[in-house]
Amino acid sequence: MLGKLLKHEWKAVWKVPMLLIAILMITAVMAGLTFALPIWDSEWVGLPLSGIMLICMFYFAIIAVTVGIMIYFAVRYYKNMFTDEGYLTHTLPVTARQLLLNKTITMSAWNLIAMLAVVISIFVFFAIMILSLAPKDSSFTRELMETIRAWPEVLKSPYMDGFEGFCIGGLLVVLIGAFSNSMMLIGAITLGQMVRKHRILGAVGAYFGLTIIVQIFSTVIMIPMMVKMMDSSYYDSAYGAQSPFPILTSFYFLVAGVSLVLGIGLYFMSEYLIRHKLELE
Amino acid sequence: MNALVEVINLTKIYEKKKIALDHMNLTIPRGKIIGLLGPNGSGKTTLIKLMNGLLEATEGEVLMNGHRPGPQTKNWISYLPERTYFHNNMRVDELIRFFCDFYQDFRPERARQMLSNLNISENAKLKTLSKGTKEKVQLIMVMSREAQLYVLDEPIAGVDPAARDYILRTIITNYNENATVLLSTHLISDIEKVLDEVIFIRNGRVILQDTVENIRECRGKSVDAYFREVFAC
């Protein structure tokens, strides 16, 4: 049944996020292409202003994709689960776990796709910008190829020690972050339903409440790490040609661990509330 | 075992201590069309929601074939709520596929036949349909299942009298003889002719459960007249 839920959920939701991502990519290309146009040296102020406007549009498109997609899924979750549409959702012959897993997987996947789309769009923007500004002879390509070729040697230097672990840590933070960010929304909306007469207000309040708790908790957990980073021996070794990556990797793993615990905790809280405290109006 | 649903000592207290159901006991048999009747706020919709697992009971339980509300009982119950509950962006044919996927007892050919009878296009998006047509689509979906229990909450409230006749015909002709239809409505005179039994509810308690025939014979009046007498303000 989870497969069927996912199939219908995916079919119902893909259009809006894909439209936003398409807009993001178009604005990335347009913003990048402004550097290929002779507008920046124009005496008429309108032309460079248009260029700036296009770059701003790209910036707003990034926000629309990251924030907009999450809001879209949050609203959909609320409507599907706790408004009139909930009468269909909760009378399907499926378990509360399947319902929640369906929403969690879809929201997390789209959260991840949104992040990936933003990274790609920034890459596209800078690639077009660099190619537009680079010298038109072959020197730029040659230098670029040399830099790429030199990369394996750079990785061998003591400054880059632990770089692989750092990358894995970063990847974990992104992957687990997609899940825990989704759970923050799902958890807050579900918790907000306990305020029966003001469910939306309850959800918004729960989101801010959860965010504050997470911030305080994270700060407390991060303090030992920060103290260690400020430790003079660390700085001495850092300036003494030692790689900063091992300490940053442990930082990433800690963040990933905290996010994972938070996400799982919110998941089980939400499942409990849906299973035992559901009250459709 | 003739009892399809057993309501045992069921109590539901909402916030601010509002008692919706008060230690209700009730047995719903198989193979009947039953009217669940009572004034506003008597607890009809609360009882229906509890049967469908949309609320948690404060005390007591509802059992269908001996099971508490859950995925298994949802396979047996076909429920029509009192509100429009389908996603507005869906098309009617998408809805048919959706029901086909989730309910093994859904009969798409039956749904298509009824849609055609009512001139409702399968390609129509729900948001383009009038409220009355949406309600008809909902009823068609619900009645196109081979369920053991059909729970219809105010199925004829929002439609015109001509459509009411069609809906009642749909209900009578589309449920199998072993299934039960539980109909909650205020429009008693419209449905009286199709009912086998009635359950009167007041203040969250069952005050009468009897056959329509008995009421007519023993009380010498129609269910509608008797309801007005019992619930006179």
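**Chatting through chains A and B**

Me: Which parts of chain A does UniProt mark as "transmembrane region"?

Reply: The unreviewed UniProt entry puts that annotation on residues 12-40, 52-75, 109-134, 168-192, 204-227 and 247-268 of chain A. UniProt positions are given in the numbering used here, feature names are shortened, and annotations may be inferred rather than shown by experiment.

Me: Before we go on, what should I know about the model and the numbering?

Reply: This is a predicted model, where local features need pLDDT of at least 70, side-chain atom pairs count only at pLDDT 80 or more, and totals for chains, interfaces and linings use all residues. Residues are numbered from 1 along each chain as its sequence is written, while chains are lettered from A and ligands numbered from 1 in the order in which they are written.

Me: OK, how many helices and strands does chain A have?

Reply: Chain A has 10 helices and zero strands, where helices (H or I, at least four residues) and strands (E, at least two) are DSSP runs, numbered from the N terminus.

Me: And how far apart are the end C-alpha atoms over residues 52-75 of chain A?

Reply: They are 33 Å apart, and that stretch of chain A is 100% helix. Residues 168-192 of chain A are also 100% helix, with end C-alpha atoms 35 Å apart.

Me: What about the radius of gyration of chain A?

Reply: Chain A has 24 Å, whereas a compact globule of 281 residues would have a value near 19 Å. The radius is taken over C-alpha atoms, and the globule rule is 2.2 Å times the number of residues to the power 0.38. Along its principal axes, the C-alpha trace of chain A spans about 70 × 55 × 35 Å.

Me: Which domains does chain A get?

Reply: Domain 1 (16-133) and domain 2 (152-281) of chain A, with bounds from an automatic or database domain assignment. Their centres, taken over C-alpha atoms, are 22 Å apart. Each of the two domains of chain A puts 19 residues into the contact, which requires C-beta atoms, placed from the backbone, to lie within 7 Å.

Me: Which helix gives the largest share on the domain 1 side?

Reply: α5(A), with 11 residues. That side of domain 1 of chain A divides into 12 nonpolar, five polar and two charged residues. Here Ala, Val, Leu, Ile, Met, Phe, Trp, Tyr, Cys and Pro count as nonpolar, Asp, Glu, Lys and Arg as charged, and the others, Gly among them, as polar.

Me: Switching topic: how many residues of chain A are in contact with chain B?

Reply: 19 residues of chain A, against 20 residues of chain B. α1(A) gives the most to the chain A side, with three residues. The residues on that side are eight nonpolar, five polar and six charged.

Me: Over in chain B, is B:Ser144 buried or exposed?

Reply: B:Ser144 is buried, with 26 other C-beta atoms within 10 Å. A residue is buried if 20 or more other C-beta atoms lie within 10 Å of its own, exposed if 12 or fewer, and partly exposed in between, with C-beta atoms placed from the backbone. B:Ser144 is found in the loop between α5 (131-143) and β6 (149-153) of chain B.

Me: What does B:Ser144 touch?

Reply: Not counting residues up to four places away in sequence, B:Ser144 touches B:Phe106, B:Arg107, B:Arg110, B:Ala111 and B:Met114.

Me: Last one: which residues of α9(B) are buried?

Reply: B:Val223, B:Tyr226 and B:Phe227, in helix α9 (residues 223-230) of chain B. Seen down the axis of α9(B), the buried residues fall within an arc of 105°, so they line one face of the helix; the arc is that of the directions from the helix axis to the C-beta atoms.
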